[in-house]
Amino acid sequence: MLENFGDIAHVIFGVLGILGSVWVLVELLNLREANLNRLKLFSNFTAIFIWLSYIFGGWWYKVYYGVQEVGDKYKILAGSFPEGHTFFMEAKEHIFFILLLLSSILPMIVYNKSLVEDKSIKKLALTVTILILILGFGMEGFGSLIAKGVKMGLLGG
Amino acid sequence: MENSKLNIMTISFILSFAISSIFTSLLVIVKETNEGLKEWMANLTGHHWVTHGVFTIILFLILGFVFSKTSISKKLSTEKLTNVVIWSTIIGSLLISGFIILHII
């Protein structure tokens with residue numbers, strides 16, 4: 001089981017990061033002093049899980065995905081859906097950097113003392129959270145199309 | 001309009017986020033159109049994508065701390081910073097996906 005965890009760790013952490021940002025969104029929409037600690041906690045979880053997704057995803061990409069001739073990349077390129085790599089993986093691996101930085105600034109915004117009383121800071125926090133959600137779901141969607149590319153390659157077309 | 005509600009570190013790192021996002025997008029275009037640079041980046045860490053990430057993170061950290069030592073950050077309102085976040089995310093993502101569609105496929 002642990003061997004398989006290595007293959008999907010970045011997906012699991014990515015989903016946890018998305019769930020964290022959904023939690024942050026709900027807390028922000030009901031923002032008051034009473035839920036501030038929970039909001040801070042889940043903004044940290046979001047950032048930590050996205051960073052873990054980046055680290056495990058990077059490791060998996062380098063050690064498994066891109067291995068010459070036998071990696072998933074070459075299975076996709078040999079199949080009938082090469083765009084699974086040429087577009088979806090290429091876009092995903094680079095747009096992820098924007099998501100990573102977005103998740104890093106979220107706790108900084110949430111920890112501002114004026115968050116509860118200043119609507120413009122709340123709006124900024126909501127904006128960053130929604131962008132994390134959009135990019136996060138985008139990464140998951142791209143990931144499923146990359147997996148589809150591997151499947152098409154293994155099926156021989 | 002001076003921003004007194006957001007702390008200086010937050011403003012600085014939001015500005016740094018915007019610049020780093022555009023930087024990382026432009027680096028995709030530059031490295032994919034320049035084999036020498038891509039190879040140099042690959043030789044640095046073993047893979048060009050790993051180097052790309054390291055450059056982006058280092059730039060984000062350095063700019064964040066540099067901006068926090070200047071007064072430029074104080075001049076931006078929270079509303080302006082919100083727009084900066086939205087547009088840098090959109091432009092960065094479009095630059096990457098647009099370039100890949102036009103030049104790789």
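**Figure 1. Span of helix α5 in chain A of the predicted model.** Helices are DSSP runs (H or I, at least four residues), numbered from the N terminus. Helix α5 covers residues 119-154 of chain A, 36 residues in total. Just after α5(A), A:Gly156 adopts a positive phi of about 80°.

**Figure 2. The ring pair of A:Trp51 and A:Tyr54.** Over all chains, the structure contains 21 aromatic pairs. Rings of Phe, Tyr and Trp (its six-membered ring) pair if their centres lie within 6.5 Å; planes under 30 degrees apart are stacked, over 60 edge-to-face, and the rest tilted. The centres of A:Trp51 and A:Tyr54 are 5.9 Å apart and the planes lie at 85°, so this pair is edge-to-face. Both residues belong to helix α2 (residues 36-65) of chain A, 3 residues apart, about one turn of the helix. A:Trp51, at 27% relative accessibility, is partly exposed, whereas A:Tyr54, at 12%, is buried (buried: under 20% relative accessible area; exposed: over 50%; partly exposed: in between; 1.4 Å probe, protein chains only).

**Figure 3. The ring pair of A:Trp60 and A:Tyr65.** The centres are 5.4 Å apart and the planes at 45°, so the pair is tilted. Both A:Trp60 and A:Tyr65 are buried. Ring pairs link these two residues into a cluster with others, including A:Phe96, A:Phe97 and B:Trp49.

**Notes.** Residues are numbered from 1 along each chain as its sequence is written, and chains are lettered from A and ligands numbered from 1 in the order in which they are written. In this predicted model, local features need pLDDT of at least 70 and side-chain atom pairs count only at pLDDT 80 or more, while totals for chains, interfaces and linings use all residues; side-chain values use heavy atoms, with hydrogens and water left out.

Key
Helix = DSSP H or I, 4+ residues; strand = E, 2+ residues; numbered from the N terminus. Expected span 1.5 Å × (residues − 1).
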